[in-house]
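Let's take a walk through the open spaces of this protein and see what surrounds them. Have the model up on your screen as you read.

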Amino acid sequence: MAVMADLSALTVTSLERAPELESAVDRLITGNMPPFMSWESPGNWRWHRLYDTHPAHQICVLDEEGRLVAAANGLPVPWDGTVDGLPGGSDDVLVSAFDGPAARPDALCMLSVSVSARLRGGGLAEGLLTRARDEARAAGLRGVVIPVRPTRKARYPLVPMADYARWRRPDGTLFDPWLATHAALGAELLAPCDRSLVISQPVARWEEITGHPLPGPARHLVPGALAPLEVSADGEGVYAEPNFWVFHPAT
């Protein structure tokens with residue numbers, strides 16, 4: 001059973017009500033991710049437009065001293081409820097939202113759920129997910145859909161996401177703690193999105209992350225990456241981040 005923090009004991013607000021928290025939200029997100037995850041990608045180029053266009057869906061949790069300790073970032077999206085109708089991943093969600101035709105939203109898509117390192121495991125993430133599901137229900141949406149970045153996948157970058165997501169512990173629960181948390185809250189595991197976020201950068205920039213040369217063309221392992229980096233003969237390194245779609249029904 002998932003443990004949930006009592007959000008009523010903390011201050012829950014949003015960037016709509018507290019836009020001055022924007023920089024703190026950015027620091028929390030980037031501090032929880034490998035450094036390359038904030039590099040240029042089609043979705044990352046558009047990330048900050050979330051703050052301007054959907055500030056009410058950028059949820060912030062503050063401790064008793066007013067410090068940001070958790071945040072959830074999302075936006076309403078069109079989705080027909082089928083696996084085939086899922087977006088390609090986080091890049092696709094943001095590109096479609098800001099560059100595609102206007103469409104009636106059917107679900108709330110959470111692109112990031114971040115918790116301060118000192119408070120992880122205390123139920124804050126579970127509380128934010130439950131709050132997002134309640135907000136989706138109140139808005140008449142089908143639920144919350146999330147391209148999940150499994151927390152232990154970076155230890156197994158050579159394993160396809162579809163296989164990794166099926167791994168189980170001896171007690172039958174899901175092997176990955178973050179996927180297991182979603183399942184414990186009643187989420188449905190839908191499908192992998194193997195190119196959720198795609199970052200293409202000169203190999204020299206990737207070498208700053210690895211600390212050693214990356215001759216190519218070849219596949220290379222990068223600390224924190226969920227899949228190998230593909231280095232081409234022209235010296236470009238392309239990282240396609242695999243995620244796994246999960247769905248929290250509003251009902």
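How much space lies in the largest pocket? About 1300 Å³. Keep in mind that you're looking at a predicted model. Rolling a probe the size of a water molecule over the atoms is what shows where empty space is left.

So who's around that space? The largest pocket has 47 lining residues. If you want to find its centre, look for Met33, Ser112, Val113, Ser114 and Trp178, which lie nearest to it. Strand 4 (107-115) is the top contributor, giving six residues to the lining of the largest pocket. Other parts of the chain join in, each with at least two lining residues: helix 1 (22-31), helix 3 (90-99), helix 4 (124-138) and helix 6 (177-184), plus strand 5 (143-148) and strand 9 (236-249).

Now move on to the second largest pocket, which holds about 320 Å³ of space. Here 17 residues form the lining, and Val77, Pro78, Ser96, Ala97 and Ala103 sit closest to the centre. Helix 3 turns up again, this time with the largest share of the lining of the second largest pocket, at four residues. Strand 3 (68-77) also supplies at least two residues there. Sorted by class, this second lining has 12 nonpolar residues, four polar ones and one charged.

How values were computed:
Residues numbered from 1 in each chain as written. Predicted model: local features only at pLDDT ≥ 70, side-chain atom pairs only at ≥ 80, totals over all residues. Heavy atoms only, no water. 1 Å grid on protein atoms, 1.4 Å probe; cavity = no way out; pocket = protein on both sides within 12 Å on 5 of 7 lines; lining within 4 Å. Points joined across faces, edges and corners; volume = space filled by probe spheres on them. Nonpolar A, V, L, I, M, F, W, Y, C, P; charged D, E, K, R; others polar.
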